[in-house]
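The sequence and structure come first.

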Amino acid sequence: MADETTFEKPVTVALTGASGAQYGLRLIDCLVAARHQVLVLVSKAAQMVIATETDVSLPSNPERLSEALKERSGAAPGQIRCFGREDWMAPVASGSGAPSAMVICPCSTGTLSAVATGASNNLIERAADVALKERRQLILVPRETPFSAIHLEHMLTLTRMGAVILPAAPGFYHRPQTLDDMIDFIVARILNQLGIAHTLMPRWGETT
């Protein structure tokens, strides 16, 4: 269990309504294990996806959600902080808040569109807007197939703004044996982008 006085830099993790809730939940676990503080945002659609795709039951109330994720991941007190969809006083809602890298995982195409156009209709969209305007790290993990021209244009727009588009498309060169291996492939790529050390899988060219 992490010591709450020695958290590493905060990372914001937003889960939206695309398929692939397992990626976001696993990412939270890995960030906790790496002793980072994790700021968690969960959309209403993501709540439905999590209930459909996993055996995890997460409450919608931010305080209860924090406790549930803390219990699930073994986080220290205060290591996981959750915020409501319209909590405009959350630190991620303003550029004057504490700097934080942000990962939207999974990222629905609706959220992709909203971020690309600066909609900022909820805290997830606003936090991503802040990350872009403050030139902070923003990683979006879309899980959709096939992509339409609209999706691709929004991805290109965001890439030009400095965001990283990291599709949830696992590779197979590491010969995954389980579903968890495939999930870890994507989470490892996210952690690589964040510059966070991990042991989920070796980098290309490294020995196991």
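A cavity is a set of points on a 1 Å grid over the protein atoms alone where a 1.4 Å probe fits but cannot get out; a pocket is an open set with protein on both sides within 12 Å along at least five of seven lines, and lining residues have an atom within 4 Å of a point. The model is predicted, so local features need pLDDT of at least 70 and side-chain atom pairs count only at pLDDT 80 or more, while totals for chains, interfaces and linings use all residues. Residues are numbered from 1 along each chain as its sequence is written, and side-chain values use heavy atoms, with hydrogens and water left out.

**Cavity**

- The structure holds one cavity of 30 Å³ or more; a volume is the space filled by probe spheres set on the points, and grid points are joined across faces, edges and corners.
- The largest cavity has about 70 Å³ of space.
- Its lining consists of Thr12, Pro91, Val92, Ser94, Ala98, Ser100, Met102, Ala127, Val130, Ala131 and Arg136.
- Seven of these lining residues are nonpolar, three polar and one charged (nonpolar: Ala, Val, Leu, Ile, Met, Phe, Trp, Tyr, Cys and Pro; charged: Asp, Glu, Lys and Arg; polar: the others, Gly among them).
- Helix 5 contributes the most to the lining of the largest cavity, with three residues (helices are DSSP runs of H or I of at least four residues, strands are runs of E of at least two, and both are numbered from the N terminus).

**Pocket**

- The largest pocket holds about 190 Å³ of space.
- Gln22, Leu25, Arg26, Asp29, Thr54, Val56, Arg72, Leu179, Asp180, Ile183 and Asp184 line the largest pocket.
- Helix 1 (21–33) and helix 7 (179–194) are the elements that give two or more residues to this lining.
- The lining of the largest pocket has five charged, four nonpolar and two polar residues.

- Arg35, which follows helix 1, has a positive phi near 75°.
- In helix 4 (residues 109–117), the buried residues are Thr111, Leu112, Ala114, Val115 and Ala116.
- These buried residues pack against strand 4 (101–107), helix 5 (123–133), strand 5 (138–142), helix 6 (149–161) and strand 6 (164–165).

- Gln37 lies in strand 2 (residues 36–42) and is buried, with a relative accessible area of 17%.
- Gln37 and Gly78 are 41 residues apart in sequence, with their C-alpha atoms 7.8 Å apart.
- The side chain of Gln37 reaches the backbone oxygen of Gly78 at 2.9 Å.
- Ser73 lies in helix 3 (residues 62–73) and counts as buried at 19% relative accessibility.
- Leaving out residues up to four places away in sequence, Ser73 touches Asp29, Val32 and Ile80 (contact means heavy atoms within 4.5 Å).

Key. Buried < 20%, exposed > 50% of the residue type's maximum accessible area, 1.4 Å probe, protein only. Polar contact = N/O pair within 3.5 Å; in protein donor to acceptor, adjacent residues only side chain to side chain.
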